[in-house]
Structures are given as structure tokens and as C-alpha cells.
Amino acid sequence: MSSSWSPRQIWAARLNGGGTPPLRGWALLEALGPEELARASAEDWARISGAHLEEAAAWRRAAHAFDAAAEERRAAALAARLLVRGDAEYPDLLASIHDPPLVLYVQGVFAARPPVAFVGSRVPTAYGRRLTRRLAGDSARSGLAVVSGLARGVDGEAHLAALEGKGASWAVLGTGLGHVYPFEHRGLARRLAAEGGAVISEMALGTPPRPDLFPRRNRIVAGLSWAVVVVEGRHKSGSLITARLAGEYGREVLAVPGPADSPLSEAPHRLLAQGAALASTVEDIIAALPPALAFRPSPFVVSTSSAVEQPSADETRILALLGADSLSLDELVRLSGLDTAHISSIMFGLEIKERVSSVPGQRYAQKEAR
């Protein structure tokens with residue numbers, strides 16, 4: 001079967017999959033092009049990349065050994081396309097940072113909306129979840145693209161709120177698209193790509209989760225976005241890494257103030273003390289966007305009738321399962337037979353309708369039954 005990838009895409013995938021750092025790979029691809037890269041010696045690679053000979057020789061061996069044809073077949077099976085830095089669809093904002101990815105694997109589309117990132121704790125408080133949902137949902141309804149990292153907690157809440165708001169959301173993975181992590185967010189990733197958003201990774205498709213990859217993911221979250229909103233986090237957290245990178249890239253950093261006695265207020269309060277803008281409403285976020293964007297938010301109406309809105313059939317089913325007990329998300333998935341992303345969406349709707357609330361231990365209970 002003939003390749004649909006261009007020689008440039010094939011060699012970009014080989015460089016990336018073989019572990020050549022993005023800036024070094026870009027220098028090699030630009031200086032040599034696909035044909036010369038295939039013939040060039042290790043000495044040529046070292047001279048052009050500025051690396052030591054042993055290091056450049058290792059990159060060269062790995063790039064030649066990388067099976068680009070198999071990678072292309074996996075991409076087709078995942079409905080993913082490969083963007084190379086310099087391609088027309090490669091996001092200009094991301095290309096402007098000092099170390100942009102050489103390649104991006106993308107499922108879905110980049111909506112033509114100003115992107116804003118939401119980051120925070122993987123185990124947020126009920127307050128943090130509520131603020132994330134309100135701010136991310138209002139951002140989506142206003143016409144912004146909601147960017148996050150598909151992690152548990154604030155990331156997942158932001159993506160779900162964007163979907164509920166019928167807006168676009170972009171998830172940046174720290175793994176390959178063939179290894180969505182966390183596992184329970186696979187359904188959420190599919191929804192994002194299918195409902196006007198995108199799932200993105202710079203990693204080769206088969207890359208599994210590794211701790212060192214997630215800080216690299218954070219630079220993409222920051223680089224894709226005009227602003228980064230930090231909701232909750234401790235004083236040493238990935239949220240602060242993303243905020244620091246956003247500042248280095250010249251992007252706006254905002255923080256949501258939290259209760260003074262909550263450990264998860266440490267990160268946002270530190271940022272506020274350092275001069276970050278306060279984010280308590282979507283108007284705060286919009287005000288932080290560069291004036292040159294001339295962004296005009298889409299009008300939307302916040303419903304005030306949620307308390308009396310009748311539950312849907314799926315919501316009624318979940319309420320029946322809850323009864324007078326509190327159940328975790330995993331227990332609801334097991335008892336209902338529905339996938340995690342769908343259950344999360346249902347619980348979001350029930351919380352908005354004030355039919356359930358979060359209780360200690362990451363569990364849900366009916367308000368009437370508490």
C-alpha cells in the first residue's frame with residue numbers, strides 16, 4: 001500500500017519516534033530534508049544538530065530503526081493525522097514558543113476559537129470542581145476553546161464542562177494517542193474529538209505513560225493557549241510548572257482564589273501574590289486576552305431553572321442507584337454498565353440541577369438523602 005504521508009512527514013515521525021529532541025530534529029529536517037537525512041552520516045547529524053557525535057549517532061540509529069510505515073497504519077486506525085512544525089495547520093501560537101514539538105498527532109480539529117487553558121489539582125475539592133465547571137463552561141459558551149491535559153480532577157472537569165457548554169475543547173496527552181491516560185478518560189477523549197474538539201500528543205502513538213513525559217505535555221498546554229487559569233493545587237504541583245511556562249511564553253496567568261485554610265489554595269494564592277490576574281468569572285478571563293485578538297464573546301444565558309428541571313432517563317437511573325447511599329464514580333460505572341465519561345457527564349448535570357452533591361471520599365449522594 002502506498003504511503004499517504006509525505007517524505008517530510010515520514011522523516012519527522014522517525015526523528016520524533018527515535019527520540020531526537022524537537023529542536024535538534026527541526027534543525028536536521030530543515031538543513032537536510034528527507035532525502036539527505038536518509039543518506040547523511042553520524043558526523044553530519046552531529047555537525048548540524050550541535051550534539052556530541054555519540055549522541056547524534058544514537059539518534060540516527062533510532063530514527064532509521066523507527067517503523068514509520070507501521071506508525072502510519074496505526075495513525076489511520078486511530079483516525080489521527082500527523083502535523084509537522086511548519087505545516088499550515090500547525091498552531092501558530094504553539095510554533096512561537098522556544099521549543100515547539102516537531103510533530104503533533106491530532107484527532108479531531110482545532111476550532112477557530114481563542115484557546116484558554118485550565119489546570120489544577122487531580123483531587124480537587126467540591127469548591128474547585130464547581131469553579132472549574134462554571135469558568136470552563138462559561139468560557140466554552142462564550143466562544144473560547146478550553147484546553148487541558150485530560151488528567152483526573154480539574155482537567156477532566158474542564159473538558160466535561162466545555163462539552164456541556166456545546167463548545168470546543170482540546171486535550172493534550174502526555175502519552176501517545178494509542179495509550180490514553182488515565183484509562184477511564186478514553187470515552188471522554190473520543191467525545192472531545194467527535195464533538196468539535198481535538199486530542200493532541202507529540203509522542204509516538206504507542207508511547208505509554210511515564211512521569212517525565214507530563215512536564216513536556218505541560219509546555220504544550222501553555223504554548224497552545226493565550227491564557228492559563230490555575231484553579232487549585234499545592235505549592236509544588238504541575239499546575240505551577242504550566243503557569244511558569246505560560247509566563248515565559250508571554251501568556252497571561254490567572255488564578256482562582258480559594259479558601260484560606262485549604263492546602264489546595266497554596267498554588268493559586270502564591271500566583272496571585274506574584275501578580276497573576278484573579279479569575280472568578282468568565283469576564284475576568286476574557287479581559288486578560290490580548291486586545292489585538294478583538295475577541296467578542298458569544299452571548300449566552302445562564303439558566304436559573306435548573307433546580308426544578310426534570311431529570312433525564314439516564315439521570316433518573318443514576319438517582320435510583322444512589323438511593324439513600326453515597327457511591328463513588330467507579331461504583332456507579334460498575335452498577336450502571338455505562339462508561340466513565342458518560343457517568344461523569346450525568347453527574348455534572350445532576351450537580352448543576354442540584355440533585356446530587358460531592359461528599360468526602362470522592363463520592364456522590366442525593367441532596368435529599370444526605
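Just after helix α8, Lys 166 takes a positive phi of about 60 degrees, in what is a predicted model, where local features need pLDDT of at least 70, side-chain atom pairs count only at pLDDT 80 or more, and totals for chains, interfaces and linings use all residues. Residues are numbered from 1 along each chain as its sequence is written, and side-chain values use heavy atoms, with hydrogens and water left out.

Helices (H or I, at least four residues) and strands (E, at least two) are DSSP runs, numbered from the N terminus, and in the protein chain they come to 16 helices and 12 strands. The C-alpha trace spans about 70 × 45 × 35 Å along its principal axes. The radius of gyration, taken over C-alpha atoms, is 22 Å, which agrees with the value near 21 Å that a compact globule of 370 residues would have, by a rule of 2.2 Å times the number of residues to the power 0.38. Of these 370 residues, 54% count as buried. Where contacts (heavy atoms within 4.5 Å) join residues at least 6 apart in sequence, 70% of them join residues at least 24 apart.

Rings of Phe, Tyr and Trp (its six-membered ring) pair if their centres lie within 6.5 Å, with planes under 30 degrees apart counted as stacked, over 60 as edge-to-face and the rest as tilted, and the count comes to 3 aromatic pairs. In one of them, Phe 110 and Trp 170 have ring centres 5.1 Å apart and planes at 80 degrees, so the pair is edge-to-face. This pair links distant parts of the chain, 60 residues apart, with Phe 110 in the loop between β2 (103-108) and β3 (115-119) and Trp 170 in strand β5 (residues 169-172). Phe 110 is buried at 17% relative accessible area, and Trp 170 is buried at 4%. The rings of Tyr 181 and Phe 214 have their centres 6.0 Å apart and their planes at 50 degrees, so this pair is tilted. Tyr 181 lies in the loop between β5 and α9 (186-194), and Phe 214, 33 residues away, in helix α10 (residues 213-224); Tyr 181 is partly exposed at 37% relative accessibility, whereas Phe 214 is buried at 16%.

Elsewhere, Leu 29 sits in helix α2 (residues 22-39) and is buried, with a relative accessible area of 4%. Not counting residues up to four places away in sequence, Leu 29 touches Arg 8, Trp 11, Ala 12, Leu 15, Leu 37, Val 84 and Leu 102.

Note on methods. Buried < 20%, exposed > 50% of the residue type's maximum accessible area, 1.4 Å probe, protein only.
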